[in-house]
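User: I'd like to learn how to read a few features in a structure file. Can you take me through them one at a time?

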Amino acid sequence: VDLRFPDAPAQRRCVWCNGKLPAKRRRWCGRKCTREFNRLRGLGVRSAAFRANRKLNKGALRCAKCGLFLLGGGKNDEKRAGLPPRPMIPEDGAYDWAANQRYYDEHLAPRQPEVDHIVPLALGGSLTDLSNLQVLCRRDHKAKTALDHGRIAAAKRHAQRKTPPIF
């Protein structure tokens, strides 16, 4: 996405809407222009997908395929997911790194949310359209990505087989 008015700052104008810049602003007239530009560039779609998923699931972040509660930075995510308590630091202060790593591998890593494009970008999916995004757990995202790779390879093979028309 290119700036609509790249030379605008020299004239104290917004680079997106060409409106007059308020005092202390250098490129954008306000948040609305900044957000619109970033949305078109694909920035912030991950957090927007998380917000949409939380809205759908009453504040929880859940996998769209299996319904697993995911950990997305919410205050009660670990409690809602029913995870056991984290390893405590003993009285002597000797932190058990191995126990902490085991806890992460067993309980936290599988619940990290990943954003997936329903229709892959290589097959014509949109980068910024929220209806093309879904939140998945790591296991389901890995499986869907493998499936998508197969679909993309099949589409490329099909495109190579087609011969151009002879006039």
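User: Let's start with aromatics: which residues do ring pairs link into a cluster?

Analyst: The general idea is that rings of Phe, Tyr and Trp (its six-membered ring) pair if their centres lie within 6.5 Å; planes under 30 degrees apart count as stacked, over 60 as edge-to-face and the rest as tilted. Here, ring pairs join W16, W28 and F37 into a cluster. Keep in mind that this is a predicted model, where local features need pLDDT of at least 70, side-chain atom pairs count only at pLDDT 80 or more, and totals for chains, interfaces and linings use all residues. Residues are numbered from 1 along each chain as its sequence is written, and side-chain values use heavy atoms, with hydrogens and water left out.

User: How many aromatic pairs does a search of the whole structure find?

Analyst: Two aromatic pairs turn up. W16 and F37 make an edge-to-face one, with 5.4 Å centre to centre and 70° between the planes. That pair links distant parts of the chain, 21 residues apart: W16 is in the segment before α1 (31-41), and F37 is in helix α1 itself. Element names like these come from DSSP runs numbered from the N terminus: helices are H or I with at least four residues, strands are E with at least two. The rings of W28 and F37 sit 5.1 Å apart at their centres with planes at 40°, so this pair is tilted.

User: What lies over the face of W16?

Analyst: For a charge to sit over a ring, NZ of Lys or CZ of Arg must be within 6 Å of the ring centre and within 35 degrees of the ring normal. R4 lies over the face of W16, 4.1 Å from the ring centre. There's also R62, whose charged end sits over the ring of F69 at 4.1 Å from its centre.

User: Now a helix. How many residues does α2 have, and how far does it reach?

Analyst: The expected span of a helix is 1.5 Å times one less than its number of residues. Helix α2 (residues 45-56) has 12 residues and reaches 16 Å from first C-alpha to last, close to the 16 Å expected. Just after α2, K58 takes a positive phi of about 55°.

User: Which residues of α2 are buried, and what covers them?

Analyst: An α-helix has 3.6 residues a turn, so residues three or four places apart point the same way. In α2, the buried residues are V45, A48, A49, F50, N53 and R54. Their cover includes α3 (77-80), β1 (114-117) and β2 (133-136). Take N53, which is buried at a relative accessible area of 9%. Contact means heavy atoms within 4.5 Å, and leaving aside neighbours within four places in sequence, N53 is in contact with A60, L61, R62 and V135.

User: Last one: where is confidence lowest and where is it highest?

Analyst: pLDDT is the predictor's confidence in each residue, from 0 to 100. In the protein chain, confidence is lowest in α3, at a mean of 81, and highest in β2, at 93. The chain averages 85, and 95% of the residues score at least 70.

Notes: Buried means under 20% relative accessible area, exposed over 50%, partly exposed in between (1.4 Å probe, protein chains only).
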